[in-house]
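Dear colleague,

Please find the structure below. My notes on selected features follow it.

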Amino acid sequence: MPVQPRRAALTDPATDTARLSGVSFGYADGPDVLRDVNLILRAGSFHFLTGPSGAGKSTLLKLLTLAKRPTAGQLDLFGEAAGAPPRSALPGFRRRMGVVFQDFRLLDHLSAFDNVALPLRLAGAKRESWAADVEEMLDWVGLGDRMDDRPPTLSGGEKQRLAIARAVVTRPELILADEPTGSVDSAMGERLLKLFQSLNRLGTTVLIASHDEALAAASGAAVLRLDGGRLSGDRA
Ligand SMILES: Nc1ncnc2c1ncn2[C@@H]1O[C@H](COP(=O)(O)OP(=O)(O)OP(=O)(O)O)[C@@H](O)[C@H]1O
Ligand SMILES: [Mg+2]
């Protein structure tokens, strides 16, 4: 008889990649954009985060990337309290995540190759150890022949693919991608989804914020929905 997985171990706070308990957030004096959000991203899980424009998807990702702090509730990342970390702790958390920003945030003065290489350079590894990975990742996203080009000369979809290559090249434990297929056609969207899925199969925890309900449904991933600041859906 097959051995049942130990559910208690799967929900161990020390090994969950991210946990939000009763988290609320509002910008400045505005109303709460997120209200009493409870969410567990177990290590190795794959979630889509959907919801209408303005629902708070990007805001939720900003909490997870520690760009913003919850105004109430508890946030844990990689088993550690992360609701109000000292500035000195931020690089340690961020090194473990790869982020695809909705507005890409590429460095216009660097080539496509150097944009993708930047997180590896910052990590201090020698070029010989990562140069082939950078090229392979650029090939995967269909930019193998644009490595020397700078972001201003790329189309919206090409910039998006470059941002994805940069986010995943370090093989982070957690990938947070904000509308990563918003600027590409559906065939490329499916190809990029496959990239996230293969990283997930290698153990990476993935959360993708997307309007694209069809892609979310096709992915077979758990689908979370934000509406009016409240989160619902499959949290498996
Ligand atoms: N810097 C900010 N200051 C004040 N309000 C903001 C700020 N950023 C976002 N908001 C507001 O917070 C709410 C949620 O915005 P958010 O960007 O998280 O939504 P979203 O679900 O990502 O939308 P979209 O699908 O259009 O990307 C919106 O009402 C938005 O106007
Ligand atoms: Mg958004």
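This is a predicted model: local features need pLDDT of at least 70, side-chain atom pairs count only at pLDDT 80 or more; totals for chains, interfaces and linings use all residues.

Asp149 is partly exposed, with a relative accessible area of 28% (buried means under 20%, exposed over 50%, partly exposed in between; 1.4 Å probe, protein chains only). Salt bridges with shared partners join Asp149, Arg146 and Glu158 into one network; a salt bridge is a side-chain nitrogen of Lys or Arg within 4 Å of a carboxyl oxygen of Asp or Glu.

Residues are numbered from 1 along each chain as its sequence is written, chains are lettered from A and ligands numbered from 1 in the order in which they are written, and side-chain values use heavy atoms, leaving out hydrogens and water.

The count comes to seven salt bridges. One of them pairs Arg19 with Asp16 at 2.6 Å, N to O, and both residues are buried. Another joins Asp114 and Arg121 at 3.1 Å, N to O.

Helix α7 covers residues 186–201 (helices are DSSP runs of H or I, at least four residues, and strands of E, at least two, numbered from the N terminus). Its buried residues include Met188, Leu192, Phe196 and Leu199. The buried residues of α7 pack against β3, α5, α6, β7, β8 and α8 (contact means heavy atoms within 4.5 Å). The face turned away from the buried side carries the exposed residues Ser186, Ala187, Lys194 and Arg201. Just after α7, Gly203 takes a positive phi of about 115 degrees.

Yours sincerely

Notes
The expected span of a helix is 1.5 Å times one less than its number of residues.
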